[in-house]
Amino acid sequence: MRRGRRIAVDVGDARIGVASCDPDGVLATPVETVPGKDAPAARRRIAAIVAEYEPIEVVVGLPRSLNGGEGPAAAKVRTFAADVAKLIQPVPVRLVDERMSTVTAAQGMRASGVKSRKGRAFIDQAAAVVILQSALETERVSGDPPGESVQVAG
């Protein structure tokens, strides 16, 4: 397991959840919810968070369908991740499967008594936490970085 803080991003149209973990990769915690409507402003905010936290990598949740395919949402996330990768290089960006992360986050928040209307902004952060915990667990088990690397176009 590589030592170092990681940032996870759950990209949505309205909101983008951001989470971080400790340098040992043990515990993922919410950071903030970035408004997603203005994509350039959202990318700049993510870049500012990366500059502040100095992670060894950024993990972006890639929405796949239950059968593993990719639709329009995945294409949007791939574009967003590539744009962020250009802004934050040389920090690597990795895409990881995020199937069910928002559902898992929402169930956890309901179980802890958070109302859905009040919890919307926090669900995105919680989904980023779920994505990061999953990525950390994948690396712990396999010994390899999770997901696929986003290549920065020259």
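**Entry 1: helix H1**

I looked up which residues of H1 are buried (under 20% relative accessible area, with exposed meaning over 50% and partly exposed in between, for a 1.4 Å probe and protein chains only). They are Ala42, Arg43, Ile46, Ala47, Ile49 and Val50. Seen down the axis of H1, these buried residues fall within an arc of 160°, so they line one face of the helix. The arc is taken from the directions that run from the helix axis to the C-beta atoms.

I note here that this is a predicted model, in which local features need pLDDT of at least 70 and side-chain atom pairs count only at pLDDT 80 or more, while totals for chains, interfaces and linings use all residues. Residues are numbered from 1 along each chain as its sequence is written, and side-chain values use heavy atoms, with hydrogens and water left out.

I also noted how elements get their names. Helices (H or I, at least four residues) and strands (E, at least two) are DSSP runs, numbered from the N terminus.

Next I turned to the face of H1 that points away from its buried side. I found the exposed residues Arg44, Ala51 and Glu52 there.

What covers the buried residues of H1? I listed strand S1 (6–11), strand S2 (15–21), strand S3 (28–35), strand S4 (57–62) and helix H2 (72–88) among the elements that do.

Then I checked the length. The expected span of a helix is 1.5 Å times one less than its number of residues. H1 has 15 residues (39–53), so it should span 21 Å, and its end C-alpha atoms are 21 Å apart, which agrees.

**Entry 2: just after H1**

I moved on to Glu54, which follows H1. Glu54 sits in the loop between H1 and S4. Its phi is near 50°, a positive value in a residue other than glycine. Is Glu54 buried or exposed? Its relative accessible area is 67%, so I wrote down exposed.

**Entry 3: helix H2**

H2 has 17 residues and reaches 24 Å from its first C-alpha to its last, close to the 24 Å expected. Its buried residues are Ala74, Val77, Phe80, Ala81, Val84, Ala85 and Ile88. They cover an arc of only 140° around the axis, which puts them on the same side of H2. Pro72 and Lys76 are exposed on the other side.

I asked what the buried residues of H2 pack against. The partners are S1, S2, H1, S4 and strand S5 (93–97).

The loop between H2 and S5 holds Pro90. I checked the peptide bond from Gln89 to Pro90, and it is cis, with omega near 15°.

**Entry 4: the largest pocket**

Rolling a probe the size of a water molecule over the atoms shows where empty space is left. I wrote down the rule for a pocket: on a 1 Å grid over the protein atoms alone, it is an open set of points with protein on both sides within 12 Å along at least five of seven lines, whereas a cavity is a set where a 1.4 Å probe fits but cannot get out. Lining residues have an atom within 4 Å of a point.

The largest pocket has a volume of about 370 Å³. That volume is the space filled by probe spheres set on the points, with grid points joined across faces, edges and corners.

I found 21 residues in the lining, and Val11, Gly12, Asp13, Lys76 and Val77 lie nearest the centre. Which element gives the largest share of the lining? H2 does, with 6 residues. S1, S2, H1 and H2 each supply at least two.

I sorted the lining by class and got 9 nonpolar, 4 polar and 8 charged residues. Ala, Val, Leu, Ile, Met, Phe, Trp, Tyr, Cys and Pro count as nonpolar, Asp, Glu, Lys and Arg as charged, and the others, Gly among them, as polar.

**Entry 5: Ser20, Gly25 and Leu27**

I looked up contacts (heavy atoms within 4.5 Å) for three residues, leaving aside neighbours within four places in sequence.

Ser20 is in strand S2. At 1% relative accessibility, Ser20 counts as buried. Its contacts include Arg5, Ile7, Thr29, Tyr53 and Leu132.

Gly25 lies in the loop between S2 and S3. At 0% relative accessibility, Gly25 counts as buried. Gly25 is in contact with Met1, Arg6, Leu136 and Arg140.

Leu27 is exposed, with a relative accessible area of 52%. Its contacts are Ser20, Cys21, Asp22 and Gln133.
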